[in-house]
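These are my notebook entries on one protein chain. I set down what I looked up, entry by entry.

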Amino acid sequence: MQMSVEKKTMNCLHFIDGQYVESASGKTFVNINPATEEVLGTVAEGGKEEIDRAVTAAKKALKGPWKKMTTHERITILRRIGDIILERKEELARLESLDTGKPYSLSSTLDIPRAAYNFHFFADYLRSVGTEAYQTDDVALNYAIRRPVGVVGLINPWNLPLLLLTWKLAPCLAAGNTAVIKPAEWTPMTATVLGEICQEAGVPDGVVNIVHGFGPNSAGSALTEHPDVNAISFTGETTTGKVIMAAAAKTLKRLSYELGGKNPNIIFADADLDEVIETTLKSSFANQGEVCLAGSRIYVQKPVYEEFLHKFVDRTKELVVGDPFDPKTNVGALISKEHYERVKGYLEIAKEEGEILLGGGRPPGLDKGYFLEPTIIAGVNDQCRVVQEEIFGPVVSVLPFETEEEVIARANDTHYGLSATIWTNDLRRAHRVAGQIEAGIIWVNTWFLRDLRTPFGGMKQSGIGREGGMHSFEFFSELTNVCIKL
Ligand code: NAD
């Protein structure tokens, strides 16, 4: 890794077997700052050869000092990684905002502190993880042994780069595995620094490896096809998940999937509207709407529809779009030109399918960078593409509804099933509706409130398996039952 703080540039290398290395071919690609369109540096472009080297190092490291460490030693190292992330919080938050275009006010208060907490949390969790034991009458005693799965491929998206990478890496290491990480090509910087942090914390060489590159015909596909990779934990688009599943089938790898979402935000007429609006601003536009959990389908009960729309539009107008490093900024830049064009394509569709009530364009005065005004769409129905497809930008649709039964059916009318928010002060209704919405994560009168012990993941085409607490440990562990005849 080479970094120039003054120039705000950084060239990202792979981290393999404890060393920063270039690609064997010398190939690199350019990393762009989405807020300025300036070059942030180059990124080593890995492929089959680099993945082979990383997997070989990870396989060897499974039998090295990492295997012999006591649980206490492993906990100490994991805690230390979290500590160093916090010590380097400003630097990491700055890199995250340069790379993603997200406000520094967000990366410094959410992404990086949570990345540190992921390590602290799983280190603490490891202290109390046990296994099962059953006595079969007077006949036998059964107990389970927990062992690592082996070499695990961790494939990550660009929207919450370090937060989501560490959400996988911390339990992966806590359970004694070794890792080959493939960061998203658009956000390589904080992942690159993490190699150095792990080394400083005492992680033995080869336990954590990072290979940069693209997905298809590149580092991503090489990782999913590698016969010595035992499991893949993937967060990204549903369509990519399908491709990875086919590749992983050849060697029958264990898979964990956190995929896309088109999440309903259901507002009943009895809800506290001011609270609804403040939280809905976040669930719609935080992180430029580039959040898998974004509540991008807003269903509002008819008696308060007009009032909600009026107030929501007014508050959205107050959001400041612009320089990620300006403390006043609420909404930064979208990740890339390609993604910007994709989101703008949906705005053209929205004009045909309904009406853009607010936003839809480049904010005045911002000529460079992939900035888009927070956008509110109305006049659409459930079958419209802007209501069915994940846009992954600062774009939401607002739709009226009349009855509870109706909104449950409409909320479930999608192939996604990641999360939902229900706003009501009626306790019985809250429980009743929560039990019928097809989503893995349901919030009542809140959004994005997380307890890392709880199951996190999606139903239907939003994912397979759950992350969090014990669920992460189960994915990253092999259990062997030992049966002793008494
Ligand atoms: P993406 O699927 O395009 O890419 C994710 C990662 O997969 C990248 O590292 C990419 O290089 C890699 N990849 C792409 N093709 C591959 C292939 N054929 N083989 C192996 N690897 C491949 O997703 P993205 O655009 O980076 O992220 C946005 C998506 O992620 C959205 O759909 C969002 O909802 C989802 N997401 C889900 C969660 C969740 O927890 N459910 C969290 C964040 C993001």
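Entry 1: I looked up lysine 460 and found it partly exposed, with 17 other C-beta atoms within 10 Å. I used these limits: a residue is buried if 20 or more other C-beta atoms lie within 10 Å of its own, exposed if 12 or fewer, and partly exposed in between, with C-beta atoms placed from the backbone. The model is predicted; local features need pLDDT of at least 70, side-chain atom pairs count only at pLDDT 80 or more, and totals for chains, interfaces and linings use all residues. Residues are numbered from 1 along each chain as its sequence is written.

Lysine 460 lies in the loop between β20 and β21 (463–464). Helices (H or I, at least four residues) and strands (E, at least two) are DSSP runs, numbered from the N terminus. The phi of lysine 460 is near 50°, a positive value in a residue other than glycine. Most residues other than glycine have a negative phi.

Glutamine 288 sits in the loop between α10 and β15. Is glutamine 288 buried or exposed? It counts as buried, because it has 32 C-beta neighbours inside 10 Å.

**Entry 2: the seven-stranded sheet.** I traced an open sheet of seven strands in the order β16-β17-β18-β15-β14-β19-β20, with mixed pairing. Two strands pair if DSSP finds at least two bridges between them. β16 (355–358) and β20 (441–444) are at the edges with a single partner strand each, so one side of each has no neighbour in the sheet. The twist from one strand to the next averages 25°.

Within this sheet, β15 (residues 297–301) runs parallel to β18 (residues 395–401), and five bridges join them. Arginine 297 has serine 397 in β18 as its bridge partner.

I also noted which helices lie across these strands. Helix α10 (residues 273–285) lies across β14 (264–267), β15, β18 and β19 (419–423), at about 170° to β14. Axes are lines fitted to C-alpha atoms, for helices over the stretch in contact, and angles run from 0 to 180 degrees between N-to-C directions. Contact requires the C-beta atoms of two residues, placed from the backbone, to lie within 7 Å. Helix α11 (residues 302–317) lies across β14, β15, β16, β17 (375–378) and β18, at about 135° to β15.

**Entry 3: helix α3.** I checked the length of α3 (residues 71–87): at 1.5 Å a residue its 17 residues should span 24 Å, and the end C-alpha atoms are 24 Å apart, which agrees. The expected span is 1.5 Å times one less than the number of residues. Ile77, Leu78, Ile81, Gly82, Ile84 and Ile85 of α3 are buried. Seen down the axis, the buried residues fall within an arc of 165°, so they line one face of α3. The arc is that of the directions from the helix axis to the C-beta atoms. Their cover includes α4 (89–100), α5 (104–127), α6 (161–174) and α7 (189–201).

**Entry 4: strand β9.** I found five of the five residues of β9 (residues 151–155) buried. Val151, Gly153 and Ile155 point one way, and Val152 and Leu154 the other way. Five bridges join β9 to β10 (residues 178–182), and the two run parallel. Glycine 153 stands opposite valine 180 in β10.
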